[in-house]
Amino acid sequence: MSPASPLSRDIPSPLVHVVAAAVIDTTGRVLIAQRPAGTHLAGGWEFPGGKLEPGEERLAGLARELREELGITIATPRPLIRVRHAYPSRDVLLDIWVVKRYGGEPQGLDGQALRWCTQEELAVAELLPADKPIVAALRLPERLTQMCSPYYVIRDLSSIDNPAASAYATNDFRFHGMFCTSAEDAGVAVRAGLEFLVMRGTLTDCDLSRLCESVPVPVFSRGIDLERAWVLGASGINELP
């Protein structure tokens, strides 16, 4: 086989939009599924879900995939994070939701093995590379009441310009967020590599929805109730004083 031409290397890989869920039971365990033999990346463990169909809404696709794969019906899923990952043959956009309310008992209807994991077990599970950032995001609470924990820390915009204070100049491997007052702040934070955004003030429904749609990271809104925040695309709410 002749080597690829420079032109062929410049052709972008197709982007596959996947909707998937961290299904969580009443004890806090998270469900993962093993890709069956004969499929792409067979044997790897992942969060259950699948490709969106052309023109399909994200939540409709999520509900369909979990019904077809696991035999469950879902209610009030919350958005968590969007992760883009480049595999050799394709680029994948993983659109991840948290599902705590569902009907039915999950079953591997496609012949896939299922496994319930604690957060500690999930951290060492043999997940596919695209799924690993999701594990850290799952440590974020739905309601932020602390500036930091063993799993995350929230910084001010000013710390980004100070290399000595940067998380990436230390051995601090927690999930890193930033306080924002505007969409402009949010853009700065995402470009700097911050992993979640915490709004200091209340945004209109339209502005919050537009912000959540424009960034791939979790957003914590302020001044609205939790389920309203989920509807508008936020992952949780900021209850810090």
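**Exercise 1.** Determine how the residues lining the second largest pocket divide into nonpolar, polar and charged.

*Solution.* The lining of the second largest pocket comprises 17 nonpolar, 4 polar and 6 charged residues. Here Ala, Val, Leu, Ile, Met, Phe, Trp, Tyr, Cys and Pro count as nonpolar, Asp, Glu, Lys and Arg as charged, and the others, Gly among them, as polar. This is a predicted model, in which local features need pLDDT of at least 70 and side-chain atom pairs count only at pLDDT 80 or more, whereas totals for chains, interfaces and linings use all residues. Residues are numbered from 1 along each chain as its sequence is written, and side-chain values use heavy atoms, with hydrogens and water left out.

**Exercise 2.** Identify which element gives the largest share of the lining of the second largest pocket.

*Solution.* Step one: H2, strand S6 (78-86), S7, helix H6 (205-214) and helix H7 (226-231) each contribute at least two lining residues. Helices (H or I, at least four residues) and strands (E, at least two) are DSSP runs, numbered from the N terminus. Step two: the largest share, 4 residues, belongs to S6.

**Exercise 3.** Locate Glu68 and state whether Glu68 is buried, partly exposed or exposed.

*Solution.* First, Glu68 lies in helix H2. Next, its relative accessible area is 42%. Buried means under 20%, exposed over 50%, and partly exposed in between (1.4 Å probe, protein chains only). Glu68 is therefore partly exposed. Finally, leaving aside neighbours within four places in sequence, Glu68 is in contact with Leu109 and Asp110, where contact means heavy atoms within 4.5 Å.
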